[in-house]
Amino acid sequence: MDYLAIYWAEFLTIATLHLLAVASPGPDFAVTTRYSMSFGRRVGRWVALGIGTGILLHVAYSVLGVALIIHRYTWIYGTLLLVGAGYLGWLGWQAIQSQPRQGSAPEHHLQASEISSAKAFRVGFLTNGLNVKATLFFLALFSTVINPATPTSVKLFYGIYMAIATGIWFALLATLITWRPFYRRLWAISHWIDRTMGTALLLLSAKLIYDWFVLIKVIATP
């Protein structure tokens, strides 16, 4: 049996599904956009790195089988829903309070920032790590697409690829948003972009809370 061909076909399927998932608008997109516009390219790239690294958290518990436990015990999943909703709601509330910026776009904005690299990384990591939709994505990926017989080392390779690809994707987004000619045009309306991204995060938070109520209703139904 040609295992290389099997793993290659499996990898292409995973790469395609991952591309579709990461390209769809979600909390990662909203946070990267908001922090890149508000604090500059460097911060946006650190947020992207945190988001990419957060993928490894999902990969780790999926490989270890913890994702199945999360899916099986509804109270664990419900807790994750509430924690994720609270974190996204907090980020959204901060963003919608953005105020109009005075003057033209500062020339130093692409380098200097009020936010440290560590904080930017942490924001990205928590945004992805607490994304329960990512939990479901990786649960489906590791339970249906990836063959149980696939060696752990190969599964880890898939995970590392997805982490790197995710980081690169959002780093490119941060770079595009802060591209100087583009950035100068967006500067005057950047507070509206912040507020729009904040509204999106609050809506995502509300959706998670709604999902939590649905889950509780299902549990309570005899």
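In which helix of the protein is confidence lowest, and in which is it highest? The structure is a predicted model, and its mean pLDDT is lowest in helix α4, residues 66–72, at 63, whereas α6 reaches the highest value, 93. Over the protein as a whole the pLDDT averages 79, and 82% of the residues score at least 70.

The fold is built from helices, with 10 of them and 0 strands, so that, read from the N terminus, the order of elements is simply α-α-α-α-α-α-α-α-α-α. Of the 222 residues in the protein, 43% count as buried.

Helix α5 spans residues 74–96 and helix α6 spans residues 117–129, and their axes come within 10 Å of each other while crossing at roughly 135 degrees. An angle over 145 degrees would count as roughly antiparallel, and α5 and α6 are therefore described as oblique to each other. The crossing in which α5 passes α6 is left-handed. On the α5 side the contact is made by Y87, L88 and L91, and on the α6 side by R122, V123, L126 and T127; sorted by class, the residues of this contact of α5 with α6 are 5 nonpolar, 1 polar and 1 charged.

Helix α2 also packs against α5, at an angle of about 35 degrees and with the two axes 12 Å apart, and this crossing of α2 and α5 is again left-handed. Here P27, V31, R34 and Y35 of α2 meet L88, L91, Q94 and A95 of α5, a set that divides into 6 nonpolar residues, 1 polar and 1 charged.

How are α2 and α6 oriented to each other? They pack at an angle of about 165 degrees, with their axes 9 Å apart, and because angles over 145 degrees count as roughly antiparallel, α2 and α6 are placed in that class. The crossing of α2 and α6 is right-handed. From α2, the residues P27, D28, V31 and Y35 meet V123, T127 and N128 of α6, and by class this contact of α2 with α6 holds 4 nonpolar, 2 polar and 1 charged residues.

G26 lies in the loop between α1, residues 3–23, and α2, residues 27–39. Its relative accessible area is 19%, and G26 is buried because the cut-off for that class is under 20%. G26 is 174 residues away from A200 in sequence, yet the C-alpha atoms of G26 and A200 are 8.2 Å apart in space.

Is L57 buried or exposed, or does it fall in between? L57 belongs to helix α3, residues 41–63, and with a relative accessibility of 37% it counts as partly exposed, because that class covers values between the 20% limit for buried and the 50% limit for exposed. Leaving aside residues up to four places away in sequence, L57 touches F125 and G129. The C-alpha atoms of L57 and A163 are 9.6 Å apart, although 106 residues separate L57 from A163 in sequence.

Technical notes:
Residues numbered from 1 in each chain as written. Predicted model: local features only at pLDDT ≥ 70, side-chain atom pairs only at ≥ 80, totals over all residues. Heavy atoms only, no water. Axes fitted to C-alpha atoms, helices over the stretch in contact; angles between N-to-C directions. Helix = DSSP H or I, 4+ residues; strand = E, 2+ residues; numbered from the N terminus. Parallel < 35°, antiparallel > 145°, perpendicular 65-115°, else oblique. Left-handed = near helix turned anticlockwise from the far one by under 90°. Contact = heavy atoms within 4.5 Å. Nonpolar A, V, L, I, M, F, W, Y, C, P; charged D, E, K, R; others polar. Buried < 20%, exposed > 50% of the residue type's maximum accessible area, 1.4 Å probe, protein only. pLDDT = per-residue confidence, 0-100.
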